Protein chains: 2
Amino acid sequence: MSPKITTELLKQLRQVMKTPKYVQEPVQAYIVPSGDAHQSEYIAPCDCRRAFISGFDGSAGTAIITEQHAAMWTDGRYFLQAAHQMDNNWTLMKLGLKDTPTQEDWLVSVLPEGSKVGVDPFIIPADQWKRMSKALRSAGHDLVPVKENLIDTIWIDHPERPCKPLITLDLSYTGVNWRDKIVALRSKMAERKVPWFVVTALDEVAWLFNLRGSDVEYNPVFFAYAIIGMNTIRLFIDGDRMMDPAVKEHLQLDSTLEPEFKIQVMPYGSILSELQAVCASLSPKEKVWISDKASYALTEAIPKAYRYLTPYTPICIAKAVKNASETEGMRRAHIKDAVALCELFNWLEKEVVPKGTVTEIVAADKAEEFRSQQKDFVELSFATISSTGPNGAIIHYKPVPETNRTLSVNEIYLLDSGAQYKDGTTDVTRTMHFGTPSAYEKECFTYVLKGHIAVSAAIFPNGTKGHLLDSFARSALWDCGLDYLHGTGHGVGSFLNVHEGPCGISYKTFADEPLEAGMIVSDEPGYYEDGSFGIRIENVVLVIPAETKYNFKNRGSLTFEPLTLVPIQTKMIDVNLLTQKECNWVNDYHQKCREVIGAELERQGRHEALQWLIRETEPLIRVQ
Amino acid sequence: MSPKITTELLKQLRQVMKTPKYVQEPVQAYIVPSGDAHQSEYIAPCDCRRAFISGFDGSAGTAIITEQHAAMWTDGRYFLQAAHQMDNNWTLMKLGLKDTPTQEDWLVSVLPEGSKVGVDPFIIPADQWKRMSKALRSAGHDLVPVKENLIDTIWIDHPERPCKPLITLDLSYTGVNWRDKIVALRSKMAERKVPWFVVTALDEVAWLFNLRGSDVEYNPVFFAYAIIGMNTIRLFIDGDRMMDPAVKEHLQLDSTLEPEFKIQVMPYGSILSELQAVCASLSPKEKVWISDKASYALTEAIPKAYRYLTPYTPICIAKAVKNASETEGMRRAHIKDAVALCELFNWLEKEVVPKGTVTEIVAADKAEEFRSQQKDFVELSFATISSTGPNGAIIHYKPVPETNRTLSVNEIYLLDSGAQYKDGTTDVTRTMHFGTPSAYEKECFTYVLKGHIAVSAAIFPNGTKGHLLDSFARSALWDCGLDYLHGTGHGVGSFLNVHEGPCGISYKTFADEPLEAGMIVSDEPGYYEDGSFGIRIENVVLVIPAETKYNFKNRGSLTFEPLTLVPIQTKMIDVNLLTQKECNWVNDYHQKCREVIGAELERQGRHEALQWLIRETEPLIRVQ
């Protein structure tokens, strides 16, 4: 990996920072955030501006370029990678270290008096703008919006914004048609007396209209905004994809629908002017609802007195609670996914042990191959983490030729992977050993398993927030002085983003929404020994009502049902560290894998994988 | 309990609300918060202004009086009490119910256009002022500070502010003399480059100067403020108590100390003008450190650019970590406290069972009597919760003649009590049955016990915040659909407030400071069956380093050691619901009670109580 040479690019950027064609007044600094205009986690090539200007292409990082300096803030996952990818025009600012200045403090320390700091107002979220602007102002500087993205002006071969065909999802997948979703949204708007709602997150637009796309890798979304009024629907989307007869039919664009369901299709780029027009027509007390994570540009377009901001939109919350059709789809997707993984693990056992020719990349490709054989497979849901030995301890590892290790009988192998099927999204991690694990490896694996079970089997009252369950996953590790430095779970979309809000299981947040029946999250504790191995056991689980002996204040209780049905390698378990209850959990889980996945393997005629499944789901026996 | 007749008082208050002598301009509403000028939890009679104007004397509540209305906001603990104590001039605003308006919303709905809302700036915390002021301003009204407290102007027999003698604590109690505490504080100030610090909380002043008082019931504090500079100490305190030779000697007021330890004693009422004088002398970039919970009056006295606000002051954090002398003192206090409780429970068993003449009040008084026999006893640390049968389900119950029940062999008895000794503060809850508990009562008690043990025996990494342990206390209850609606633990002062920050164990907070060795908290899960019984098991526990098999990233681990050593009634335990580990915990705990408290009972010649202790600490035997 050699660094990108950025000397010329930085020179050009510093030039446009004072070119009147692009900036009203020269800016002494320019901020290049990570995201796109929708605050997406995964972004399209056209939005990889920070990678373009710096060479650093990790998933998180903010670049700031001044007349003299160029600095990059990123977190511990990326210190090494950023140092490798950037040339010495750049200073690496290591987030989380004590001596690292904040962006604001650094700017104040390097800027000449009364400076202007520019940023693309579509890329910076409103809350970040507010914080940054306040800090700069109190030091005598100004944060200013620069309409034209300055990176784009110097990016010669800037990729086009993708504009790929749409997929329409019928009722059998979504359970609710888009008109009923609009009705439900409008009733939430009526409840709060807010007559306008701006949809800015890509997965929220996709969910609302029962459409999917492929503009962004791994996330089946498309570039669009929407403005929903009590009687109007405006959808902002580019390209001739709206001319597709299936899409026209799905959205009933040509039919004589009631006027309140008539969709006005408008160019993607017209969102700002349309929103401004909506705001200009507001009567006093009428408000416009927008996520507090939306871009500064859109938030600012709504005069302050008319803004109605919430951390989670009603769409985000409705989307998180899966209905029966979505849940059934997720079940089907997880069965297919398990079939693919049984095939993979059976294949790995045959290949790795005698031949020793399987690398991390080969294994990842093979996993994709098996998945792609399944019905309604669309794409992977994230970059496969296929890691063996010490690579397993790098939590967000993705094998590349420079790091690619060969699987062996001497190392632990960790595979964290998932796919998008038309009926659901999967995300599963299994950790295995193809030889004989050491007592210590088994011990650590068993603690992680105990944590996984503690969450999966937890019973908790309705109204409980997921972050209150995080410690259950750590308790067995903590007892021996061990831990892992990531959260325990995240929300999972239904043929949508593999990471979604508003719920999760993590000690890091306090603002998650309570768990409710129908929500789907991951349960993925781990343990990582730097330089040696990584262990993680991840299932996607569905929140379901729990039967309990009593029912305090009639609140009702909840628990989880695993949707992921892939054997957990019993070879890695030290049975004597399990309680009888935990042992029963494993045996019941494996019994279910055998029944459900066994039947599907049988149906698909995958007999060798079926034999592997049967071997791997033999009941554990506790000696004590 | 008949309500207080407030018609005349309200009339007078509404009169002074427009009397130029007291208000610059008439105010259309006046807010009467609960607290005192130090945001104390327990307040002196002179500060019970909300109780004076309304009759409602619960520990939490805010009154707002307009020209037409009088409204009282309080929470679920006090709905009944407030309804009983207030006459029909008052509207009760039930906090936590969906339809209850916030104070701001209510004000906006009832005020004429462009109103002024008055409040005593010394009583309202700065953060509440900010929120209220913003909401009122956005509706065209103004929140204005009213210098003279309007309640005091109509309160004919307004009690004097207490000004009781001080107690000096020597090194054997405090471990660190006050000069070294000043040095440590100044080093924290130097670290942050803040040359001034304002001490506003009463327990912080007391701790800093190794002084105690009795101006407020239950909390051994005295009315005072302090301003600490890098070279100056100003102590704001009234009365001739500073003339006490012991105090003069302790503070070395007459000696030739280095100038930076010379204490300037000033009148309590001069804090504001002195703080203003300090601020007037600041050079640019010099800041003044003050708690973000301090009063609006003091916060506002510091020009915005000079304010350095933190949620927890360095004194609050230092005070929470007890040193060896304080820890030893707390141990001694808890031994004495256990002796008193062994005597009490032995006495109760003898009195309740055959005679049936012991009421909740009698039992509470007897507990105080036994405690007062112990060395260095000062007073109770809070109002004793002595409750039997259905009264036990009222979490903040305090027996009064109207509710006073007689203890019997048919009901569960819950006693939550504690004391201030010169060497430490105690707080312990035991739940017992003097007859034969039902299987259901034992079942519930055992779940609560399992939760208590889960926290007490928890091992967790250094740096863990207490709120992450809260779910451990609930897990056994949750499994059966049960729960309790309060936090699990609070910080405990060292011969100081029984409730103190910045740590605790509660699902309700996210802003607690991490637990560290030397901190002392309570562990008090419960279960409450409305109309039937209440169960709570509370120990005060000390955070100590834990030995673990491994040591992830050299972080080190922590656990708890119980300081409270009072038997947990084994009659209430369903042994078969305990794991072997839990059973061992109970037996080890009782063994320690027998050894430590037994020796002290022996030493004090309390042979009957010793026999009781020995009976009550017989080991449990698990049949399975």
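Predicted model: local features only at pLDDT ≥ 70, side-chain atom pairs only at ≥ 80, totals over all residues.
**Exercise 1. A proline in a strand**

Solution. 
- Step 1. Most peptide bonds are trans.
- Step 2. Now go to chain B. Gly501(B) and Pro502(B) are joined by a cis peptide bond, with omega about 0°. Pro502(B) lies in strand E23 of chain B, residues 500-505.

**Exercise 2. Lys553(A)**

Task: State where Lys553(A) is placed, give its phi, and name its salt-bridge partner in chain B.

Solution. 
- Step 1. Locate the residue. Lys553(A) is in the loop between strand E27 (539-546) and strand E28 (557-562) of chain A.
- Step 2. Read the backbone. Phi of Lys553(A) is near 50°, which is positive, and the residue is not glycine.
- Step 3. Recall the general rule. Most residues other than glycine have a negative phi.
- Step 4. Look across to chain B. Lys553(A) forms a salt bridge with Asp530(B). The closest N and O atoms are 3.1 Å apart. The cut-off for a salt bridge is 4 Å, so this pair passes.

**Exercise 3. The interface of chain A and chain B**

Task: Describe the contact between chain A and chain B by residues, area and polar links.

Solution. 
- Step 1. Count residues. In chain A, 34 residues are in contact with 34 residues of chain B.
- Step 2. Take the area. About 3000 Å² is buried between the two chains, and carbon and sulfur atoms give 62% of it.
- Step 3. Find the main contributors in chain A. Trp478(A), Tyr550(A) and Phe552(A) lose the most area to chain B. Together they make up 23% of what that side buries.
- Step 4. Count the links. There are six salt bridges between chain A and chain B. There are also 14 residue pairs in polar contact across this interface, with both residues at pLDDT 80 or more.
- Step 5. Assign elements. Helix H16 (439-456), strand E21 (460-461), helix H17 (470-479) and strand E25 (526-529) of chain A each supply at least two residues. H17(A) gives the most, with five residues.
- Step 6. Sort by class. The side of chain A that touches chain B has 17 nonpolar, eight polar and nine charged residues.

**Exercise 4. Two H17 helices**

Task: How are H17(A) and H17(B) oriented to each other, and which residues meet?

Solution. 
- Step 1. Take the geometry. The two helices pack at an angle of about 110°, with axes 11 Å apart.
- Step 2. Classify the angle. H17(A) and H17(B) are therefore roughly perpendicular to each other.
- Step 3. List the residues. Ser471(A), Phe472(A), Ser475(A) and Trp478(A) meet Ser471(B), Phe472(B), Ser475(B) and Trp478(B).

**Exercise 5. H14 and H19 in chain A**

Task: Work out how H14(A) and H19(A) are oriented, and what Glu349(A) and Arg615(A) tie together.

Solution. 
- Step 1. Helix H14 (residues 324-355) and helix H19 (residues 607-616) of chain A pack at about 85°, with axes 9 Å apart.
- Step 2. H14(A) and H19(A) are therefore roughly perpendicular to each other.
- Step 3. Sort the contact. It has five nonpolar, one polar and six charged residues.
- Step 4. Find the link. Glu349(A) and Arg615(A) meet in a salt bridge, 3.6 Å from N to O.
- Step 5. Glu349(A) lies in H14 of chain A and Arg615(A) in H19 of chain A, so the pair ties together parts 266 residues apart in sequence.

Technical notes
Residues numbered from 1 in each chain as written. Chains lettered and ligands numbered in written order. Heavy atoms only, no water. Contact = heavy atoms within 4.5 Å. Buried area = accessible area lost by both parts, 1.4 Å probe. Salt bridge = Lys/Arg side-chain N within 4 Å of Asp/Glu carboxyl O. Polar contact = N/O pair within 3.5 Å; in protein donor to acceptor, adjacent residues only side chain to side chain. Helix = DSSP H or I, 4+ residues; strand = E, 2+ residues; numbered from the N terminus. Nonpolar A, V, L, I, M, F, W, Y, C, P; charged D, E, K, R; others polar. Axes fitted to C-alpha atoms, helices over the stretch in contact; angles between N-to-C directions. Parallel < 35°, antiparallel > 145°, perpendicular 65-115°, else oblique.
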